[in-house]
Amino acid sequence: MKIAGTQTLPLSRECAYRAMQNPDVLVQCMPGCESLEATGAQEYAMKMKMALAAISGQFQGKVKIADAAPPERFKLIVEGTGKIGFMKGEGALELTEAGEASTQVTYEGDVQVGGTIAAVGQRLIDTTAKMMIRKFFDKLVEVTAGMR
Amino acid sequence: MATTAAPPATGKLVGKRLRRKEDPRLITGTATYVDDIKLPGMHHACIVRSPYAAARIKSIDAKAALETPGVVAVYTGADTKEVGPVPCGASLPGLRVPHHYILATDRVYFVGHPVAVVVAGDKYVARDAADSIEVDYDVLPAAADPEKALTPGAPAVHPEWPDNTAFTYHQEGGDIAQAFAEADVIVKQRITSQRLIPTPMETRGVVADWKPGDKALTLYSSTQIPHLLRSLVAGMLGLAENKTRVVTPEVGGGFGCKLNVYAEEALMSFVSMKLGKPVKWIESRRENYVATIHGRGHVDYLEIAAKKDGTILGLKLKLIQDLGAYHQLLTPVIPTLSVLMMPGLYRFRNVTADIVGVFTNCVPTDAYRGAGRPEATHAIERMVDMLAAELKLDPADIRLKNFIQPEEFPFATATGLTYDSGQYDLPLRKALEIGGYAALRAEQQTARVAGKLMGIGIATYGEICAFGPSPATPAGGWESATVKVDPDGKVTVLTGSCHHGQGEETTFAQIAADELGIGLDDVVVFRGDTAIVQYGIGTFGSRGTAVGGPALYYALQNLKKKLKRYGESALGSDDVRYEAGQCICNKTGKTASLAQLAGASYRALKLPPDEEPGMQTTFFWEPPNFTFPFGAHLVVTEIDRDTGRIEIKRYVAVDDCGKIINPLIVDGQVHGGVAQGLGQALYEQVVYDDNGQLLSGELTDYAIPKATMMPWVESHHTETPSPVNPLGVKGVGEAGTIGCSPAVVNSVVDALSSLGVRHLDMPLTPEKIWNVIQQGARA
């Protein structure tokens, strides 16, 4: 499934970029994320809980940041497996300045799911993904309020 | 009308519209299904299945599961390697048969592939523990679409066969080149019969009970073929058949998907043998969708050649069959049935067909109600309609013109069959008359002027039933029956055709009661326990009554001979007849009742010469041919321009299934068949994504028709008795499904023909129809 969109953050580009690379920030912002631990340079082990329609379950996975070109763009690779299936996603994020203390984030990516989530939740994946992205950015704005 | 009162003892019961003897327990919830079986010390199994369509198994860590309190064992493919493979009963020249382990060993081949089994005292403990098993997969690219799987460079489902081709099969008859050379018109079309999920109300279930002291296995399974299952599972486990007993309790729907031997049947037996405990596994609905066979999965490329006057000359077919990852019991056979059925009811004798059986990383396909015949009928009936449209002929007329005529029977088809009997125009003419065809066409004209989209669709079908002569049936095609009269004169029929919803508990009682001149309630029909019932083949391919019925008939004839000999002995005369439940001396008029004769046979004080005690006969009947029922369905539809919704205004079904034993049951079979045909025509489709993930994985995403979606089926019949068997019966279990989908699609295409629509592939969802209407509006 393809996902794409834009989001404006009330942060300077440098600040936004830093926030989105900061595991302490990400753990708070990613919906359902329970822990994010560094396992290498720009690689993290992640535990998250996901609910989709009638199914929910814990995922264990990896988050990797690649092709980093601060503060303009980076690639986010997420992989998780759990009792209700697996997910794999890759997204390219681009940050452009949109005035003073305002940054526009443009994202584009592809998400694959499998197992029970695919069999049962296919109809809701699209809306769930969009909702999770919205929640992520809303929370990011909230968490970074003091960093402005 | 149906009656519940027992008819008079000597009344003729065959042909009566009687309610089913089996229904009271079914509709009061007192029947016993596999999941109702509870044995002392019984454990529960949960199966871990692959979430990937293609992957290497790097490791399996069951430590946490084994440490879970209540869990007694976990087995993986390494433990079960020695169990024989899941059997494929098909033999086609050059068929590639992958070794189908009951648990995956080093690699998984489809989403749902069983990888491990967890056993616990409690089913919820087993289920939770299954979640804690860590399987490390190395994910591989998958091939999910049969046509894409055939393209060079597609991922190989089985690495040893990179072209994904399990077999190719060619059949031809007549002179196809000449037929096409002489043709005035050739119509070509690609037609699909999409993958379907059989969806019985009761999923599969198994209880295996190994008795270590006896070294004997009892296997309870929701199956259509208890004896074949016994033979094959015993073979997989290296057990003797006389130490292996299969019991089939009530079966909540088979439709072909339980005409199989599944990994779980051997796996539960293996587990029970390891633990010395009974073990139960009940398939969940989601599991059913990835673990039980799917049906159909055809892509057909067709060409039909004809004269200007509509005379069909020949048909070419290239059939791409999506097999899935493995061959189940009959997987590769199913498309060959489609080829056999290609000529339909028509006289042309020039055909050529090529099948490519394709492996995909999907659930195996196999027999589903109709099994190859709905696909063939859909294709030919669509082609005939397209030909009629091309030649501007009426779809009824073109069919009547091409039917095999009554005087041409027995008719040898171009595909090697011999049609037994038929008067193919009768059901069509009857359907046209009941539907009021001429008036419907006039109504359609008026409706079109008013901007309405009204369609009239006709499909005529023939099918192969009564599977079948043994040389043409993988495991033997005969059937067996035992008739026992107990000392009190009450009768028990043991049938090898393990009916499971087809109503033989009633129809066989009707046959036996009529032959013996007794009441319906004096007869009990029993099936489904290999320790009690003589070997039998089972119920599938509309064979229950058409092959099992004659076996019973002949067993009854032998029983009547025996009764007569006891009658001669009892009445002291050699001039006796058996009639109306008693032996009567033709000279003296003295009588001996069935109970008296049976009692005498067991007391055995005075045995007739060369006669053994007891009153029991068994007959194994080998059918000399298939039977070929036929019929015509007429469907009137109206389409909502704004939403694309199809409303079925009329559904007229005229089916000729030979002699009808119980019209109520025959109508029920037609209605059920039509429901599943409508499912294919309008609603159901299995959707896999490119990675082999099943997206239509539960009933919210896989649309089977509900009661509210069913039209009123005007069910009618013509009766052309089959000369193949003494009952004149032909079979009706699959007829509704076979006649339905082409009639519905022909009707919808007819409705949309004014927009330039020539063909639509199933299912005809509102979205698809709405898009067609939008395009038509723009054009």
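## Chain B at a glance

Let's start with the overall picture: chain B contains 20 helices and 28 strands. Its radius of gyration is 27 Å, close to the 28 Å that the globule rule gives for 779 residues, so chain B is as compact as a globular protein of that length. Keep in mind as you read that this is a predicted model.

## Two helices side by side

Now find helix H11 (residues 373-391) and helix H19 (residues 735-752) in chain B. Their axes lie 8 Å apart, and the two helices pack at an angle of about 30°. Angles under 35 degrees count as roughly parallel, so H11(B) is roughly parallel to H19(B). The crossing of this pair is right-handed.

Which residues in H11(B) meet H19(B)? On the H11(B) side they are B:Arg373, B:Pro374, B:Thr377, B:His378, B:Glu381, B:Arg382 and B:Asp385. Facing them from H19(B) are B:Thr737, B:Ile738, B:Ser741, B:Pro742, B:Val745, B:Asn746 and B:Val749.

## A four-stranded sheet

Next, look for an open sheet in chain B. Four strands build it, in the order S21-S20-S19-S25, and their pairing is mixed. At the edges sit strand S21 (523-526) and strand S25 (616-621) of chain B, each pairing on one side only. From one strand to the next, the twist averages 15°.

Zoom in on strand S19 (residues 479-485) and strand S20 (residues 491-495) of chain B: these run antiparallel and are joined by five bridges. Here B:Val483 stands opposite B:Val493 in S20(B). Helix H15 (residues 504-516) of chain B packs on the sheet, where it touches S19, S20 and S21 of chain B. The direction of H15 makes about 135° with that of S21(B).

## Where chains A and B meet

Finally, how many residues does each chain bring to the contact between chain A and chain B? Chain A gives twelve residues, and chain B gives twelve residues. On the chain A side, the elements that supply two or more residues are strand S6 (85-97), strand S7 (103-114) and helix H3 (116-143). The largest share of that side, six residues, comes from H3(A).

How values were computed. Residues are numbered from 1 along each chain as its sequence is written. Chains are lettered from A and ligands numbered from 1 in the order in which they are written. This is a predicted model: local features need pLDDT of at least 70, side-chain atom pairs count only at pLDDT 80 or more; totals for chains, interfaces and linings use all residues. Axes are lines fitted to C-alpha atoms, for helices over the stretch in contact, and angles run from 0 to 180 degrees between N-to-C directions. Angles under 35 degrees count as roughly parallel, over 145 as roughly antiparallel, 65 to 115 as roughly perpendicular and the rest as oblique. A crossing is left-handed if the near helix is turned anticlockwise from the far one by less than a right angle, and right-handed if clockwise. Two residues are in contact if their C-beta atoms, placed from the backbone, lie within 7 Å. Two strands pair if DSSP finds at least two bridges between them. The radius of gyration is taken over C-alpha atoms; the globule rule is 2.2 Å times the number of residues to the power 0.38.
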